[in-house]
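Hi,

Here is the structure I promised to pass along. Have a look, and my notes follow below.

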Amino acid sequence: MLLKLLIALIVIVVIYRWFGGRISFIDRKELSDAEQDFGQIQATSACANCGTYITEDDAIIYQRKAYCSQSCLNAAKKH
Ligand SMILES: [Zn+2]
């Protein structure tokens, strides 16, 4: 009787751990998605002159600052 109770307890622990492993796997996946979103935010930067958000492909980088267009870069140079 006690042995059956012990086996039942082991089965419950195994099932609990199996579910626990699956839940933590899902949490890790959500974390990696959030990290990807953060990476996309970093790829966009605001224009140092007018504040317009531009992707780094479109940005003109001058003295470590991003500008949306040549006219914004020229306006920033005048200051
Ligand atoms: Zn601008």
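Leaving out residues up to four places away in sequence, Ser 45 touches Ile 54, Glu 56, Ala 59 and Ala 66. Bear in mind that this is a predicted model. Ser 45 sits in strand β1, which covers residues 44-46. Lys 65 is 20 residues from Ser 45 along the chain, yet their C-alpha atoms are separated by 9.2 Å.

Setting aside neighbours within four places in sequence, Ala 59 is in contact with Ser 45, Ile 54, Ala 66, Tyr 67 and Cys 68. Ala 59 also belongs to the largest nonpolar core, whose 7 residues are Cys 47, Ala 48, Ala 59, Ala 66, Tyr 67, Cys 68 and Cys 72.

Gln 70 is exposed, since 10 other C-beta atoms are within 10 Å and the cut-off is 12 or fewer.

Last, the loop between β3 (60-62) and β4 (65-67), where Gln 63 is found. Arg 64 lies in that loop between β3 and β4 too. Most residues other than glycine have a negative phi. Gln 63, though, has a positive phi of about 50 degrees, and Arg 64 has a positive one of about 65 degrees. Gln 63 counts as exposed with 9 C-beta neighbours inside 10 Å, and Arg 64 is exposed with 6 other C-beta atoms within 10 Å.

Cheers

Terms used:
Residues numbered from 1 in each chain as written. Predicted model: local features only at pLDDT ≥ 70, side-chain atom pairs only at ≥ 80, totals over all residues. Buried ≥ 20, exposed ≤ 12 C-beta atoms within 10 Å, placed from the backbone. Core = buried A, V, L, I, M, F, W, Y, C linked by C-beta atoms within 7 Å. Contact = placed C-beta atoms within 7 Å. Helix = DSSP H or I, 4+ residues; strand = E, 2+ residues; numbered from the N terminus.
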